[in-house]
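Hi,

Here is the structure I said I would pass on.

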Amino acid sequence: MSDTVRLIVDGKEIELPVVSGSEGERAIDIGKLRALTGLVTIDPGFKNTASTTSAITFLDGEQGVLRYRGYPIEQLAEQSTFVETAYLLIHGELPNKEELARFSQALTMHSLLHEDMKTFFQGVPASGHPMGVLSAMVGSLSAFYPDSLDPDSDTDLHITRLLSKVRTIAAFGYKRKIGQPFMYPRNELSYCANFLHMMFAVPTTTYEPDPLEVRALNTLLILHADHEQNCSTSTVRLVGSSDASVYASISAGISALWGPLHGGANQAVMEMLKEIKDSGGDYKGFMEQVKDKSSGRRLMGFGHRVYKSYDPRARILKSMVDQILAKKGMSDPLLDIAIELEQIALKDPYFVERKLYPNVDFYSGILYRAIGIPEDMFTVMFALGRLPGWMAQWREMNNDPGHVIGRPRQIYTGANARDYVPIDGR
Ligand code: ACO
């Protein structure tokens with residue numbers, strides 16, 4: 001295979017190098033295109049543009065393959081813990097026993113929030129969306145840790161703080177919303193068990209996290225932990241490329257994740273399933289709407305920019321939902337609706353032709369519901385899971401001595417030069 005491509009511009013031929021990845025992906029390196037031809041490329045939504053090389057996550061959307069640092073997502077979801085997977089993503093290798101113990105201990109040691117932060121929760125309306133609160137709180141961490149403004153400060157310390165404290169912020173935000181006292185973390189609990197404790201314990205009674213729910217939460221967070229250059233991760237890298245602090249970069253990533261076309265889809269899926277339930281199960285009417293472009297509606301939790309086959313995360317989540325509901329002896333009418341919708345969509349030529357399959361958000365909400373997480377916290381859970389990926393990507397960029405500020409070009413389509421006319425003459 002050729003390692004260059006030839007391009008003819010205005011009769012002049014130039015040669016551009018082809019970059020190859022370790023899994024055979026190929027890209028044309030257009031770094032010298034403008035200098036050689038005066039042209040730039042245009043690619044709205046970056047559908048054909050690789051913004052970086054990266055050694056963190058491999059995704060083959062045609063085959064439905066997802067690997068973190070080479071390890072298949074199926075193996076990690078079944079056998080690893082979220083903390084171990086976070087270490088793997090951030091540091092590049094699975095930890096040995098001592099490394100894992102040190103990392104877990106550091107997460108335990110950083111789980112408290114500065115007491116002044118508690119007043120922040122009082123300063124926002126209790127009814128506000130938890131993603132807005134989370135993004136603001138994470139941004140404000142840079143004020144508590146001003147050394148983070150120096151891009152050469154202790155990155156690993158900031159990463160540990162974030163991974164530990166975002167969990168506490170998320171749980172405190174929920175407690176504030178429902179008017180219960182904040183529950184401080186308990187050092188003897190594991191990462192996920194501690195989160196469940198801070199969410200669901202109350203001072204008046206004892207609470208022990210259910211091991212089944214702890215395992216389900218580990219799996220959920222592992223499945224969300226990284227997904228290469230998606231909207232929120234690209235945002236984290238772009239903000240970080242200006243040497244903004246890691247707290248500012250992650251806060252921006254949280255905001256990018258919030259939208260219903262990205263991480264906010266998990267909440268939107270539940271609203272959609274409830275709407276179908278309330279309509280008495282009018283699947284046909286609903287499917288007609290999502291296929292009609294003028295309705296502005298979509299089948300939420302379906303479709304993906306990269307996956308053109310079944311999202312492997314959705315498959316794992318679906319089987320996890322079955323297991324947890326069976327073990328808890330529960331049923332969920334929204335699960336039945338989701339299964340029915342999936343079956344209808346997978347046979348419908350509209351979805352088949354466009355290669356639209358369930359994505360990670362289609363079944364995650366039903367699993368969150370089964371462990372008692374309220375709907376408006378779903379995207380917060382996604383953010384908690386995605387943190388290691390954002391930070392691994394931020395770290396990879398920050399450690400690259402050749403990294404430059406992200407600054408795309410544009411093709412200007414506005415007015416040509418004209419003279420200003422004072423208001424009386426208009
Ligand atoms: N329902 C109905 N039609 C859809 C859907 C859907 N969920 N998704 C895509 N399409 C249609 C589009 O209308 C388009 O049709 P056309 O070719 O006739 O114009 C075609 O499929 C291709 O879709 P695009 O929007 O061009 O694909 P893109 O890669 O830009 O968007 C996205 C991907 C945003 C995920 C889209 O599939 C979507 O909106 N899905 C629903 C929201 C969702 O579940 N988001 C979560 C994604 S996973 C995540 O971010 C964690």
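This is a predicted model: local features need pLDDT of at least 70, side-chain atom pairs count only at pLDDT 80 or more; totals for chains, interfaces and linings use all residues.

Let me start with the ligand. There are 22 residues around it, and the ones that come nearest are His 262, Lys 293, Arg 298, Leu 299 and Arg 305. By type, the shell splits into 11 nonpolar, 5 polar and 6 charged residues.

The side chain of Lys 293 puts an N or O atom 2.8 Å from an oxygen atom of the ligand. Arg 354 also uses its side chain, with a polar atom 3.0 Å from a ligand oxygen. With Leu 299 the backbone is involved: one of its N or O atoms sits 2.7 Å from a nitrogen atom of the ligand. As for how much of the ligand is covered, it would expose 920 Å² taken alone, and the protein buries 78% of that.

Next, the sheet. It is an open one of 3 strands, in the order E4-E5-E6, and the pairing is antiparallel. Which strands stand at the edges? They are E4 (57-60) and E6 (71-72); each has a single partner strand, so one side of each has no neighbour in the sheet.

If you zoom in on E4 and E5 (residues 65-68), you will find 4 bridges joining the two antiparallel strands. Thr 57, for instance, is opposite Tyr 68 in E5. The hairpin these strands form has 4 residues between them, and Gly 64 there adopts a positive phi near 70 degrees.

Last, have a look at Ser 140, which is in helix H6 (residues 130-144). Is Ser 140 buried or exposed? Its relative accessibility is 13%, and the cut-off for buried is under 20%, so Ser 140 counts as buried.

What does Ser 140 touch, leaving aside neighbours within four places in sequence? The answer is Met 117 and Phe 120. For a sense of scale, Leu 238 is 98 residues from Ser 140 in sequence, and their C-alpha atoms are 19 Å apart in space.

That's everything from my side.

Cheers

Technical notes. Residues are numbered from 1 along each chain as its sequence is written. Side-chain values use heavy atoms; hydrogens and water are left out. A residue is near a molecule or strand if one of its heavy atoms lies within 4 Å of it. A polar contact is a pair of N or O atoms within 3.5 Å; within protein, one must be able to donate a hydrogen and the other to accept it, and residues adjacent in sequence count only if both atoms are side-chain atoms. Accessible areas come from the Shrake-Rupley method with a 1.4 Å probe; for residues, only the protein chains shown count as cover. Ala, Val, Leu, Ile, Met, Phe, Trp, Tyr, Cys and Pro count as nonpolar, Asp, Glu, Lys and Arg as charged, and the others, Gly among them, as polar. Two strands pair if DSSP finds at least two bridges between them. Buried means under 20% relative accessible area, exposed over 50%, partly exposed in between (1.4 Å probe, protein chains only). Contact means heavy atoms within 4.5 Å.
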